[in-house]
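Welcome, and thanks for taking a look at this one. Please have the sequence and the 3D view open together as you read.

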Amino acid sequence: MKKNLINFFLLLIGIFLFALPQPSFIFPQGLPFLAYFSFIPLFMLIHRVSWKTICLWGLAYGVGAYNIFTYWLSSFHPLGMALISGLYGFQFVLLFPLLKVVPLLIQKHAWLVQWLVWCAYEYIKTIGYAGFNYGVSAYSQWRYVLVIQCVEIIGVWGLGAIISFSSVWLAQVLKDSFECNNCKSFMHHCLVKIKNHRVSGIVWVCVFVMILIYGKTSQVDYSQNETAKVALMQTNTDPWKGGTNHYRNDLNTLIRLSDRALSEHSDIDFIVWPETAFIPKIEWHYKYREDQERYELVKNLLNYIDSKDVPFLIGNDHGVLAHRRDGTFNSVDYNAALLFTPKKNVLPPNPDKYFKVKLVPFTEYFPYEKMFPTIYKALLNGDTHMWSPGEKEIPLKIKNFKAGTPICFEDTFGFVIRNFVNNGAQVIVNVSNDAWSKSAACQYQHLSMAVFRCVENRVPAVRSTSSGQTAIIDPNGNVQKMLEPFTQNYLVGEFPIMDTSKKTFYTTYG
């Protein structure tokens, strides 16, 4: 009974230590220092529990950790929470036995192999159709600017390995100490075992000191770079409300905020509206005019933009007419970022376009419609909007620089931003709508990953979001400016235009 109580205590502590280093409902910006101890209970638990119950403990850890960490998914749809917690519960059902079997197969330094297995898991869980970057341990360090500079060489996986090493090392010291029968006291046990593992501990300390030194000396000086000024809109409207009247109110809000920004700052270079800030399909309704009210709304938008002197980057649901095999027509939809330049491509609308490449699984994209028609119908009935994926991460030219325009959670994937930069992007302009989450923790989790994209590629990022976190981030990962979340406002600021012909190690090799 006592053993099970201890195991249950380790489970609970492990679940909370998984969530608390990252932005959470308790600490919206996270407690980064806890990341260096967060997996001690997990490895202690795996060591203690029996083979008969190991899968149940893994299931409980995965479900519990992601229910605490991504609790905000329930605001989108209860099915979303069930999918994520079920997915990670299943992953830990497999991972716990794998970690437990390692000491049986490898007698010497088995804990090092366990560490490598854990590092591999952190990477594997982010790839494929259901890849999910939320919860990767390195992202907890987003506020430790000195620590994160190394990701321009080793990426988040290298930093994650360094962070998780301390947990695995300390867990091994504690396990050895509890099993020691020849020492005078538990503290004496620990000191003896620390001495036994001192070489690996000293190596870790030296590596960490080198990371801090590198973090101090490697930050780029962009003070002499040419700059551009941007106005970022944050509308703070309810994404669940639809209909022409609601879209009209949203447009009026965007126009009012944009006019305020332009009147108060005469040297703005371009304006950004969030993801699907204007929902009616601009080119579609202008061309086909099947809905007169929406056509009038589109015309008002285009007339407004064409009357200004600066480009507008707008999130929009873009539709393209496609032929069906039966001879009928339908609309193929894309989650798009559209760049309008007044007097050039506004009337008639022919904006430069980027179509979202990495769509959100289950809620934006489900490629297994024919294989699992029942699931597909359930997703459609659950208020989802299925889009078609774009093909390439091609930057958009804004005045004298190129901007990569990832949409929503695309900037949580390192390869997406790396592709943008390799294709010439000098700044990242992210448009997002996390308003549905109604959670500052969700928005900070998203921001924490965006910070790493800047350091990996040494480019700035600007983010226009529906409810937060609308921000400007420099190439060293410093959040220079940010709007208060869940407010209706705009943010104006400058960012440096970087020379991306000089690529980082990460940008070059991934």
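The notes below go through helix packing, an aromatic pair, some lysines and a valine, and a few backbone details.

## About the model

This is a predicted model, in which local features need pLDDT of at least 70 and side-chain atom pairs count only at pLDDT 80 or more, while totals for chains, interfaces and linings use all residues. Residues are numbered from 1 along each chain as its sequence is written, and side-chain values use heavy atoms, with hydrogens and water left out.

Helices (H or I, at least four residues) and strands (E, at least two) are DSSP runs, numbered from the N terminus.

## Two helix pairs

Two packed helices are described by the angle between their axes and the distance between the axes. Here axes are lines fitted to C-alpha atoms, for helices over the stretch in contact, and angles run from 0 to 180 degrees between N-to-C directions. Helix α1 (residues 2-19) packs with helix α2 (residues 40-48) at an angle of about 150°, the axes being 8 Å apart. That makes α1 roughly antiparallel to α2 (angles under 35 degrees count as roughly parallel, over 145 as roughly antiparallel, 65 to 115 as roughly perpendicular and the rest as oblique). The crossing of α1 past α2 is left-handed (a crossing is left-handed if the near helix is turned anticlockwise from the far one by less than a right angle, and right-handed if clockwise). On the α1 side the contact (heavy atoms within 4.5 Å) uses K3, I6, N7, L10, L11, I13, G14 and L17, and on the α2 side P41, M44, L45 and R48. These residues of the α1 and α2 contact comprise eight nonpolar, two polar and two charged (Ala, Val, Leu, Ile, Met, Phe, Trp, Tyr, Cys and Pro count as nonpolar, Asp, Glu, Lys and Arg as charged, and the others, Gly among them, as polar).

Now for the second pair. Helix α15 (residues 414-422) and helix α16 (residues 440-457) cross at roughly 40°, and their axes come within 10 Å. That makes α15 oblique to α16, and the crossing of α15 and α16 is right-handed. G414, I417, R418 and V421 of α15 meet R453, E456 and N457 of α16. In the contact of α15 with α16 there are two nonpolar, two polar and three charged residues.

## An aromatic pair

The structure holds 38 aromatic pairs. (Rings of Phe, Tyr and Trp, the last by its six-membered ring, pair if their centres lie within 6.5 Å; planes under 30 degrees apart count as stacked, over 60 as edge-to-face and the rest as tilted.) One of the pairs is F18 with Y66, which is tilted because the ring planes are at 50°, with the centres 5.1 Å apart. This pair links distant parts of the chain, F18 in helix α1 and Y66 in helix α3 (residues 54-69), 48 residues apart.

(Buried means under 20% relative accessible area, exposed over 50%, partly exposed in between, with a 1.4 Å probe and protein chains only.)

## Buried loop residues

K281 sits in the loop between β2 (270-272) and α12 (282-288) and counts as buried at 16% relative accessibility. Leaving aside residues up to four places away in sequence, K281 touches V298, N316, D317, H318, G319, S331 and D333. K356 lies in the loop between β5 (352-355) and α14 (373-381) and is buried, with a relative accessible area of 1%. Again not counting residues up to four places away in sequence, K356 touches several residues, among them E275, E364 and E410.

V49 is in the loop between α2 and α3 and counts as buried at 4% relative accessibility. Beyond residues up to four places away in sequence, V49 touches N7, I54, W57 and K100.

## Backbone details

Which peptide bonds are cis? One runs from L347 to P348, with omega near -10°, and P348 is in the loop between β4 (329-340) and β5. Another runs from G468 to Q469, with omega near 0°, and Q469 lies in the loop between β9 (461-465) and β10 (471-473).

R289, although not a glycine, has a positive phi of about 55°. R289 is found in the loop between α12 and α13 (292-306) and counts as partly exposed at 39% relative accessibility. K438, also a residue other than glycine, has a positive phi near 50°. K438 is placed in the loop between β8 (427-432) and α16 and counts as exposed at 61% relative accessibility.
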